[in-house]
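Dear colleague,

Please find below the structure that I am handing over to you. My findings follow directly after it, and I would be grateful if you read them with the structure open.

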Amino acid sequence: MPTAPLLTFTDKGIYCAEGDFFIDPWRPVPRAVITHAHSDHARPGHGQYLCTIGTAPVMQHRLGEIAVQTAAYGEAVQINGIRVSFHPAGHLPGSAQVRLERGGEVWVVSGDYKVEPDGLAEPFEPVPCHAFITETTFGLPVFRWQNQEAVAAQIMGWWAQNAREGRVSVIGAYALGKAQRLMAALTPIGPILTHGAVEATTRILRQQGYALPETLHATGDVSGKTHPGALVIAPPSALGSAWAARFGPRSEAFASGWMAIRGIRRRRGNATGFVLSDHADWPGLNTAIRATGASRVFVTHGYTSAFCTWLLEQGYDAQIVATPMPPSADTEDGAA
């Protein structure tokens, strides 16, 4: 029986020595297994990539010509004797947890995940394992989400009021995942316009068969006059910009889990904040970990110290693992 840990944590990323591959490495490596296409997890410069069928097209759009092998959810891929498979993470379309098995010993790397189904991403699937590596982006008890239907109703009310008062509604949402989740969750009461970054990823997901409503790329001749009552979905960086100003009278908002913190909401200067996250909240993290049955839990980015202490108090063999990924502008990991 092998005694070495199935995974170790190196300065390049989470490493499987027997399989000789890394998971979501942050420095260039010969072989990378990727959980999802956000830029802080799918980085350029690797020799070979392995990801889900749903992740590959967006990743290729973002990284250009790369060597990619894909696998369906649940399909086993043997890498130097290690059985590797992907299982839905519920984070965004195509996102996955990575399951590794060696002689009956199972480890799971969660990547980013959420447990609430959103009607678009493949729903989170608990994977029984001996060791579980979890993110803790929102790993404090203060983070408790309302269900998606309630938040969607709030956004619909804001949009309808703006339309009645002659304003365009501009909402900031990450271009991959959150933007499309909003499209799928809202019932259109007017045209949906998109920033170029949002439109590009939406088009790729639509081509893969994800059910998304009609949208219009907001090019230079599109404004509040040409499309009254519109909802504009744009990356958070576009809020308050000259790009947003050309829509004329407007109301701006931001959809993110960080909007649960009043101080962050105030610092961003957005008139309205909607608490909607693609990460698990405090109850979600605990639910997911219990469902794995794992006794060993490795805690990565986010509120690692507080969450690790909590797990130790609950009887888990828990420890913090440093994952020095640079903050990303396209995910909530870097939005604070």
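N162 is found in helix α2. With a relative accessible area of 2%, N162 is buried, because the limit for that class is under 20%. Setting aside residues up to four places away in sequence, N162 touches R167, S169 and S251. Please bear in mind throughout that this is a predicted model.

Helix α2, residues 148-164, is also one of the elements against which the buried residues of α3 pack. Helix α3 runs over residues 178-185 and is mostly covered, with six of its eight residues buried. Those buried positions are K178, A179, Q180, R181, L182 and M183. Besides α2, their packing partners are the strands β12 (168-172), β13 (192-194), β15 (231-234) and β16 (250-255), together with helix α4 (196-207).

Overall dimensions and composition

The protein chain contains eight helices and 19 strands. For 336 residues, a compact globule would have a radius of gyration near 20 Å, and the protein chain agrees with this at 20 Å. Taken along the principal axes, the box filled by the C-alpha atoms is roughly 70 × 45 × 30 Å. Buried residues account for 55% of the 336 residues. Of the contacts between residues at least 6 apart in sequence, 59% join residues at least 24 apart.

The accessible surface of the protein chain is about 13,300 Å², and carbon and sulfur atoms contribute 53% of that surface. As to charge, the chain carries 26 positive and 28 negative side chains, and the centres of these two sets lie 7 Å apart.

The end of helix α7

T292 lies in helix α7, which spans residues 282-292. Is T292 buried or exposed? Its relative accessibility is 4%, so T292 counts as buried. The side chain of T292 has two backbone partners that deserve attention. A polar atom of this side chain lies 2.7 Å from the backbone oxygen of I289, and the T292 side chain also reaches the backbone nitrogen of A294 at 3.1 Å. When residues up to four places away in sequence are not counted, T292 touches V127, P128, C129 and F132.

The loop between β10 and β11

F124 is situated in the loop that connects β10 (105-109) and β11 (131-136). F124 has a relative accessible area of 13% and is buried. Although F124 and G90 are 34 residues apart along the chain, their C-alpha atoms are separated by 4.3 Å. G90 is also among the contacts of F124 beyond its neighbours within four places in sequence; the others are P88, A89, Q97, Y113, K114, V115 and A288.

Strand β6

T70 belongs to strand β6, residues 68-71. The relative accessible area of T70 is 36%, so this residue is classed as partly exposed. Between T70 and T52 there are 18 residues of sequence separation, while the distance from C-alpha to C-alpha is 5.1 Å.

Two backbone angles to inspect

Most residues other than glycine have a negative phi. Which phi values do D20 and D24 have? D20, which is not a glycine, has a positive phi of about 55 degrees. D24, likewise a residue other than glycine, has a positive phi near 50 degrees.

The surroundings of these two residues are as follows. D20 is found in the loop between β2 (14-16) and β3 (21-23), and D24 is in the loop between β3 and β4 (31-33). With 45% relative accessibility, D20 counts as partly exposed. D24, by contrast, has a relative accessible area of 5% and is buried.

With kind regards

Key. Residues numbered from 1 in each chain as written. Predicted model: local features only at pLDDT ≥ 70, side-chain atom pairs only at ≥ 80, totals over all residues. Heavy atoms only, no water. Helix = DSSP H or I, 4+ residues; strand = E, 2+ residues; numbered from the N terminus. Rg over C-alpha atoms; globule rule 2.2 N^0.38 Å. Buried < 20%, exposed > 50% of the residue type's maximum accessible area, 1.4 Å probe, protein only. Contact = heavy atoms within 4.5 Å. Areas by Shrake-Rupley, 256 points an atom, 1.4 Å probe, with all protein chains shown as cover. Lys, Arg positive; Asp, Glu negative; His and termini not counted. Charge placed at Lys NZ, Arg CZ, Asp CG, Glu CD. Polar contact = N/O pair within 3.5 Å; in protein donor to acceptor, adjacent residues only side chain to side chain.
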